[in-house]
Amino acid sequence: MRISLPYLSALIFICLSSFFSTTLLAFDANYIDTTIDPIPDAKVMIANGADALEITPLTSTDSITLIEPVNRTTNKGISTRFFLSDTSFWSFYTNSTQRLTIAGDGKIATTTPLFVNNATVDSTSALRVNGIGRFDSAVYVPGNNNSFIEIRSRVRSITEPDDSISPYTITPMTWAEGKGLPVFRLRHPNTVAGFQTNHHVSTGRDFMILPYEFGTAIEFNGVVECWVGEWSIHKGNYYVDIEGKGNGWGAVHWVGDDVDGGGVRTTARNNTSLGGNVKYGEISVESFTRGSNGDFRFRLPTTENSFQYVYGERGSENIVAKISHNGFFIPVIPSTDSVALPERAQLSFDSSDHQLKVYDGTKWKKLTNDDVPLNPGTYTISGDGISLLYSIPHGLSSKPSYYTVIPTSADAANISYVTADDTFLYVHYIIPPILGTDNLSWNWLIKK
């Protein structure tokens, strides 16, 4: 900043004479600062002993004035303080345009780009730091309609009173007290869904990214949409294998439950190239402590769709099994003979002979009525000497497809015929069996 020497001399004298208990205004022709190239015998000095404020014209070819607080004995700079009352301010101009203002309340305002060190003067930056830039308070970028971008070093707990200014978080913050951790927030310009007037303004409108005890939290009261081609989550390079199977740890994605106690957990493993032996993808419902967290549901909203199990490349239409509202449809294969390595209890429909078959560990067996075994039973009852019909409960939930009854006592002989329904076998007689105690007994066989 270039100013005229007489004007500057008067200004400095008036503003800074109160800095020193004894003031001296002198033109010193004997003192020469060897660190610069001053004009001989041209210097204005306000001094208190060895400490002085010097105003020196430099070489006439530069037309530059040096203002320097200095100790005249050591020829070293000294600290300088400038004071303003709360109601006053300093303004700095170039020509007739105000460029920088320092107010008594500590606010600094600039109407032009501010550059630090040797930052390039261009149209892309208003502040550029060549090195380390430190801001003890928030960096605030205002927008329209009450929106802004802000980075600050403190976030408040949701339990603290709302000041309508600070960012507030539902994430527990006790662990972070005194750490001055950075918080990024983007304020939504409108009131988003679910925001109520009795809530904190921040919780209703702020999108925040902040460190928390177990990692980094992203908070917002509304929907966060990602319009991308793919969304990929990878394992952290230094994430610890807490599963206990060694050689790495796959990425983990959680969808939390109502009380943040657990939820749906998705992960994938493949550590075979690292010397491990696990290779799978997994979806589970569990708590954060690895316990139960409820049932696993697969749901379709209507009966128009089905769950389909497809084998093959992406986009394959090779549906090997499915579940619909009409039931479960097992795999249909050309022939069980084509299955190279069947597993015990494997179930398939063999198209070659139109049979449902199961592999018992040694061979494929047809699941038809012919293969269902006969169920035996015995029954004993006392004859009353009158009844021509006796009922034997068979235990099936349907009428047997095959049944037979054989008398095993002399008094139960001479059966006329046998019938059945969903509950009983009925033994019919022409002549009533004689009266007795437990004198009627039968063996029977049924097949479902």
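**View A. I151 is located in strand β12, and this view shows the nonpolar surface patch that includes I151.** The model is predicted, so local features are reported only at pLDDT of at least 70 and side-chain atom pairs only at pLDDT 80 or more, while totals for chains, interfaces and linings use all residues. Residues are numbered from 1 along each chain as its sequence is written, and side-chain values rest on heavy atoms, with hydrogens and water left out. Strands are DSSP runs of E with at least two residues, helices are runs of H or I with at least four, and both are numbered from the N terminus. L114, L127, F135, V139 and I151 make up the patch, and their accessible area together is about 420 Å². Patch members have over 30% relative accessible area and no salt bridge; nonpolar side chains (Val, Leu, Ile, Met, Phe, Trp, Tyr) are joined within 5 Å, like charges within 9 Å. Areas follow the Shrake-Rupley method with a 1.4 Å probe, and for residues only the protein chains shown count as cover. With a relative accessible area of 43%, I151 is partly exposed (buried is under 20%, exposed over 50%, partly exposed in between; 1.4 Å probe, protein chains only).

**View B. E150 and R185 are joined by a salt bridge.** The closest N and O atoms of E150 and R185 are 2.5 Å apart (a salt bridge needs a side-chain nitrogen of Lys or Arg within 4 Å of a carboxyl oxygen of Asp or Glu). E150 and R185 are both buried.

**View C. Two further salt bridges are shown, E160 with R156 and D350 with K357.** Eleven salt bridges are found in a search of the whole structure. Between the side chains of E160 and R156 the N to O distance is 3.3 Å. R156 is partly exposed, because its relative accessibility is 27%. For D350 and K357 the N to O distance is 2.9 Å, and both D350 and K357 are buried. Elsewhere, E150, R152, R185, R187 and D206 belong to one network, joined by salt bridges that share partners.

**View D. D260 and A345 are non-glycine residues with positive phi values.** The phi of D260 is near 60 degrees. D260 sits in the loop between β18 (252-256) and β19 (262-270) and is exposed, its relative accessible area being 57%. For A345, phi is near 75 degrees. The loop that holds A345 runs between β24 (332-333) and β25 (347-350). A345 is also exposed, with a relative accessible area of 57%.

**View E. Aromatic pairs number twelve in a search of the whole structure.** F207 and F220 form an edge-to-face pair, with 6.2 Å from centre to centre and 65 degrees between the planes. Distant parts of the chain are linked here: F207 is in strand β16 (residues 206-212) and F220 in the loop between β17 (215-219) and β18, 13 residues apart. F207 counts as buried at 18% relative accessibility, whereas F220 is partly exposed at 24%. F296 and F298 are stacked, because their ring centres are 5.0 Å apart and their planes lie at 10 degrees. F296 is partly exposed, with a relative accessible area of 38%, and F298 is exposed at 61%. Rings of Phe, Tyr and Trp (its six-membered ring) pair with centres within 6.5 Å; planes under 30 degrees apart are stacked, over 60 edge-to-face and the rest tilted.

**View F. Y379, Y390, Y429 and W442 are linked into a cluster by ring pairs, and K322 lies over the face of F329.** The distance from K322 to the ring centre of F329 is 5.1 Å (NZ of Lys or CZ of Arg must be within 6 Å of the ring centre and within 35 degrees of the ring normal).

**View G. Strand β3 (residues 51-57) is mostly covered.** Six of the seven residues in β3 are buried. Strand β2 (residues 44-48) pairs with β3 in the antiparallel sense over five bridges (pairing needs at least two DSSP bridges). Opposite L53 in β3 stands I46. The hairpin of β2 and β3 has two residues between the strands, and G49 in the turn has a positive phi of about 70 degrees. Strand β4 (residues 65-71) runs antiparallel to β3 and is joined to it by seven bridges. D51 stands opposite N71 in β4.
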